[in-house]
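Hi,

Here is the model I said I'd pass on.

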Amino acid sequence: MTEDAAVEDRVDVVDEELLTIGAFAARSRLSAKALRLYDRLGLLAPAHVEEATGYRYYRAGQVERARLVALLRQLDMPLARIADVVEAAETADGDTAAGLLTGYWADVEARVAGQRTLAAYLRGRLSGGSTEMYGTFTVETVEVPAQVVITETRHTLADELPAWIGASLGRLEVAAQECGGVTGAPFVVYHAEVSMESDGPAEACVPVADEGTARAWAERHGRAWETAVRVEPARTLAYTRISKAQVAHPQILAAFEAVERWIAGREGLTYDGPCREVYFADWDAAGPQDPVCDVAFPVR
């Protein structure tokens with residue numbers, strides 16, 4: 001016997017306002033399977049569950065919530081965010097619910113914009129047009145003296161990298177005040193590839209004046225923050241300067257590849273350490289087209 005048929009045999013124990021899961025599924029435009037899933041996730045609990053059979057019953061008043069869930073799912077919204085929107089909507093706080101939806105859609109558009117840029121980059125690379133793109137980057141060399149640096153290291157994937165860079169360099173710049181002050185541009189060293197499949201590690205570095213106080217600071221914080229102090233040797237960097245907009249993925253990949261192509265074209269020039277990004281400008285104050293970062297490779 002089906003669940004709906006069994007229910008009809010039990011009409012004497014079912015409130016007239018309740019709907020069987022089949023009837024509710026039809027009215028709400030959700031499948032019975034989806035309704036069971038949303039029940040487990042706490043998104044849409046039935047009004048009553050029959051203890052003996054486990055049959056679910058829903059009130060007609062729950063149809064609006066169910067339809068809202070179904071519509072939000074069509075936007076590929078994660079279930080946790082759907083729960084937030086639905087809760088806000090049901091507390092008569094429509095502006096908050098609309099704001100949550102606006103925030104989610106802004107995230108979607110940002111992701112799609114990034115994917116669109118990546119697709120354009122890959123089309124150029126696959127068709128051989130990337131050679132022209134590399135030509136837009138000017139590569140130069142600079143001599144950098146030895147520096148004492150306080151560092152924070154983390155294994156991170158590409159989607160978490162920008163937030164971690166900002167947070168870690170911020171922490172290190174505050175800590176630098178205990179170490180004689182900042183003496184050079186902060187930078188991030190990539191000891192292995194950081195992508196959506198590879199997690200580095202990456203090392204945030206801030207040059208400081210006093211090695212002794214820096215080592216004392218690292219001793220106090222090293223275990224919690226994965227911090228360290230080291231002397232970065234004098235290096236020759238081959239670099240290209242990029243704008244704030246170009247720091248975004250995948251634009252920055254083209255900058256790294258442009259420097260690599262430049263190095264490959266210089267006979268006798270070899271790599272002398274892992275690649276890095278040197279942040280020499282005030283990030284928050286910079287506009288999209290302002291230069292903020294040098295993409296660099298140590299060479300000898």
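Buried residues (under 20% relative accessible area with a 1.4 Å probe, protein chains only; exposed is over 50%, partly exposed in between) make up 39% of the 300 in the chain. Bear in mind that this is a predicted model, where local features need pLDDT of at least 70 and side-chain atom pairs pLDDT 80 or more, while totals for chains, interfaces and linings use all residues. Numbering runs from 1 along each chain as its sequence is written, and side-chain values use heavy atoms, without hydrogens or water.

The chain has 10 helices and 11 strands, taken as DSSP runs (H or I, at least four residues; E, at least two) numbered from the N terminus.

Now the cores, meaning sets of buried Ala, Val, Leu, Ile, Met, Phe, Trp, Tyr and Cys joined through side-chain atoms within 4.5 Å. The largest holds 43 residues, and I150, I165, V188, Y190, V208 and I242 touch the most other members. Elements giving at least two residues each include β5, β6, α9 and β11, but the largest share, eight residues, is from α10. A second, separate core has 24 residues, among them V69, L72, M77 and I82.

R276 is buried, at 3% relative accessible area. Its side chain reaches the backbone oxygen of P274 at 3.3 Å.

Cheers

Methods
A polar contact is a pair of N or O atoms within 3.5 Å; within protein, one must be able to donate a hydrogen and the other to accept it, and residues adjacent in sequence count only if both atoms are side-chain atoms.
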